[in-house]
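Thanks for coming. I will go through one structure this morning, part by part, with the cut-offs stated as they come up.

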Amino acid sequence: MWKLKLSQGNEPRIKSVNNYIGRQYWEFDPDLGKPEERAEVEKARNQFTNNRFQTKQSSDLLMRFQFARENSSAEMKLPPAKVNVSKRERTVSDEMVRTTLRRSLRFYSSLQAQDGFWPGDYGGPLFLLPGLVIGLFVSGALEIILPSEHGQEIRRYLYNHQNKDGGWGLHIEGESTMFSTALSYVTLRLLGERKDIGGDGAIEKARNWILNHGGLTFIPSWGKMWLSVLGIYEWSGNNPLLPELWLLPYFSPIHPGRMWCHSRMVYLPMSYLYGKKFVGPITSLVLSLRRELYTLPYHQIDWNQARNQCAKEDLYYPHPMIQNILWYCLQKVGEPALTKWPFSKLRKKALDIVMQHIHYEDENTHYICLGPVSKVLNMVCCWVEDPNSEAYKYHLSRIKDYLWIAEDGMKMQGYNGSQLWDVAFSIQAILATDLVEEYGSMLKKAHNFIKNTQVKENSGDGLNLWYRHISKGGWGFSTPDNDWIVSDCTSEGLKAALLLSTMPSEIVDVKVKPERLYEAVNVILSLQNNSGGFASYELTRSYAWLEMLNPAELFRDIMIDYQYVECTSAAIQGLKLFKKLYPNYKNKEIEACIGKAINFIQGIQLHDGSWYGSWGVCFVYGTWFGIKGLVAGDRTYHNCYSIRRACDFLLSKQLDSGGWGESYLSSQKQDYTNLEGNKSHLVTTAWAMLALIDCEQAERDPMPLHRAAMVLLNSQLENGDFPQQEIIGVFNKNCMINYSAYRNIFPIWALGEYLNRVLLAPNKSKKYQKKQIL
């Protein structure tokens, strides 16, 4: 059986700045588990497979089974808070809500690690695992790092998420794309599946999908790069990824150091592999794949024509004409010149500089790297530079940090977890219930996690040389070993620390020192742009027109670090609370920062009153942040037109069921779209409730809140958990990702606010204090 290991790292070539606190990874133990426990796991796997086309999200059951075994004394004893529903009448009392919250918190406490965080699945994208398998295959470590047990679970995962038409989507709920279908097919073949009978015909079905859509030449640019490394596509069929860009002066708007850090750290190793034209060993399997996946014999393919070919299913961001002209010139003139003397000296110098940046990134992130794509690419580059290098071996030891096991199989996560982000939200949710005395132990552990994950030092010396922003005092998305701080994570971490600082030490333990809070404030202030808005990791360093050069057909808004309502709102909230508790520290700077940020949020509000959410699905998520930011900035429904418009928007999207249910298609199409069948979503409903409560909807008409609360109350499971529903996270508009803890955090948060600010609010009539008949 598989076992989840937490906050451990007593292994060769593993280093940590906080004694591995927050680390999560799975290991296989052939001797683990009683027969009935193994049967329980197999039952969950079979149920998922049998229902995979109806329910595409796993429920993290393997982790829940393990925690249930380890925390059997915490079994739910409270009776369920059932809400009696009839056609004419619905009744809910504050005691029902309170009981539901107690059951929710007791269950959620059973999922908390001793170090204070909540482990969980951060998967969803389907293009991550193939890069890892290809990288390990070309470097000869595939069977060492992913032995048979891993291979079995990876195959399970890929088959479970294959669409009915034989293809795979960009993410687990997406329509089939050439990118994920081709890479998933190749991955299965590298893991030993046969081309004729693999997966009971699933392999053949996938191959037919690829060939029916034009073959591998129609894979988008990221796929072309990976397949060139593997040796089943030619580098001449790629548009140039010039490492020489790193030799440009920094004042150039197209210098890579000005790009959004995720793009910068992905195209950094890509440029190295392109500059080297690296190709892995040409084995019989590689030669077979060349024959399997093209509509023409391999030697007859026109690679120059293939450079700009892309399947229509993948073409989310078509190349503008100016980009195609640029690629043509670079391919015909630039690249040939740079491979010949004397310009070839520039290539060598550029490749040396690129590897220096790769090593800097690896060492400062303890070989976790910023994300899974750059991690695997950096690993391959280290192997290409020196197959016996310590850097490559260090990389291998950190692969498990990205792998996660659930009933649907083994997946690669979009980060090494979402630990800090979930903890910061969880603290606010628990506090909202006003049941702190009963569940203070959860807060104490979470508080210690907040303290142990604040970044204590900047990322080495010479930040400007490596194009890094200051990080001392900030918080990252996952753990400090990742080393990259994020603006909204820092703001939410600060807010959580400040909220807990107002509570008795016997409940929350030793509080964060003021000096550490000052450091967090300094980081937040340093991240505000001239517009007043906040981007994600760094300041916005270049211009929006740079997006015309976005070479990734699959994603939008990747070239620069854009400014977001979520990040800006979080900064306002954190700074406002800090200013209240520490009025003498940088008061004028904070006040000016908040004022500019409020203006930014109001300025980007859409015509229908919503805000576009860039990190969650979608308009409801963005509108929740927009309202929270404005309310934190002392705006109200009565004195702020923006808030009134936002409330009208949310109320207009409430469903007949009383809930809200927004599809990921909203993010993709940038147009509000309900879930199929106008289904409610618990997390979306909770976001809408929180937003409406913040802008005092209960004072005007509490009915929408009562109806929404009923949806949450009726949805709780018998054990106090909430069901996993459709995918709710997003990045770059087109790829979705799972936040597995949201199903618990936000219903708890919304019901807590509903109980204490609606049902039990002071000066409300007895009718609304005790019972509400709808």
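Buried means under 20% relative accessible area, exposed means over 50%, and partly exposed is what falls in between, with a 1.4 Å probe and protein chains only. Before I use that, the source. This is a predicted model, so local features need pLDDT of at least 70 and side-chain atom pairs count only at pLDDT 80 or more, while totals for chains, interfaces and linings use all residues. Residues are numbered from 1 along each chain as its sequence is written, and side-chain values use heavy atoms, with hydrogens and water left out.

Start with Gln331. Its relative accessible area is 17%, so Gln331 is buried. Gln331 sits in helix H13; helices here are DSSP runs of H or I with at least four residues, strands are E runs of at least two, and both are numbered from the N terminus. What does Gln331 touch, not counting residues up to four places away in sequence? The list is Ser236, Asn238, Pro240, Tyr274, Asn304, Arg307 and Pro336. Contact there means heavy atoms within 4.5 Å.

Ile322 is also in H13, which covers residues 321-338. Ile322 has 47% relative accessibility and therefore counts as partly exposed. Together with Leu245, Ile254, Tyr543, Trp545 and Met548, Ile322 makes a nonpolar surface patch of about 560 Å². For patches, residues need over 30% relative accessible area and no salt bridge; like charges are joined within 9 Å, and nonpolar side chains (Val, Leu, Ile, Met, Phe, Trp, Tyr) within 5 Å. The areas come from the Shrake-Rupley method with a 1.4 Å probe, and for residues only the protein chains shown count as cover.

Next, helix H16, residues 390-397. Six of its eight residues are buried, so H16 is largely enclosed by the rest of the structure. Which residues of H16 are the buried ones? They are Ala391, Tyr392, Tyr394, His395, Leu396 and Ser397. The cover over them includes helix H4 (128-138), helix H5 (142-145), helix H14 (344-364) and helix H15 (372-385). His395 has a relative accessible area of 0%. Leaving out residues up to four places away in sequence, His395 touches Asp362, Tyr367, Cys369, Lys375, Asn378, Met379 and Cys382.

Now a helix pair. Two packed helices are described by the angle between their axes and the distance between the axes. Helix H25 (residues 641-652) and helix H27 (residues 682-694) have axes that come within 10 Å and cross at roughly 145 degrees. On the H25 side the contact is made by Cys647, Leu650 and Leu651, and on the H27 side by Ala688, Ala691 and Leu692. The axes are lines fitted to C-alpha atoms, for helices over the stretch in contact, and angles run from 0 to 180 degrees between N-to-C directions.

On to charges. How many salt bridges does a search of the whole structure find? It finds 43, a salt bridge being a side-chain nitrogen of Lys or Arg within 4 Å of a carboxyl oxygen of Asp or Glu. One of them joins Glu438 and Arg102, with the closest N and O atoms 2.9 Å apart. Glu438 lies in helix H18 (residues 436-453) and Arg102 in helix H3 (residues 94-110), so this pair ties together parts that are 336 residues apart in sequence. Glu438 is partly exposed, at a relative accessible area of 43%, and Arg102 is partly exposed too, at 21%.

Another salt bridge pairs Arg541 with Glu538, at 3.5 Å between the closest N and O atoms. Both Arg541 and Glu538 are buried. There is also one network, in which salt bridges that share partners join Lys5, Glu11, Arg23, Glu27, Arg398, Lys400, Asp401 and Asp481.

Last, the backbone. Most residues other than glycine have a negative phi, and most peptide bonds are trans. The peptide bond from Trp341 to Pro342 is cis, with omega near 10 degrees, and Pro342 is in the loop between H13 and H14. Asp634 is not a glycine but has a positive phi of about 70 degrees; Asp634 is in the loop between helix H24 (619-632) and H25. Gln670, also not a glycine, has a positive phi of about 55 degrees. Gln670 is in the loop between helix H26 (665-669) and H27, and is partly exposed at 40% relative accessibility.
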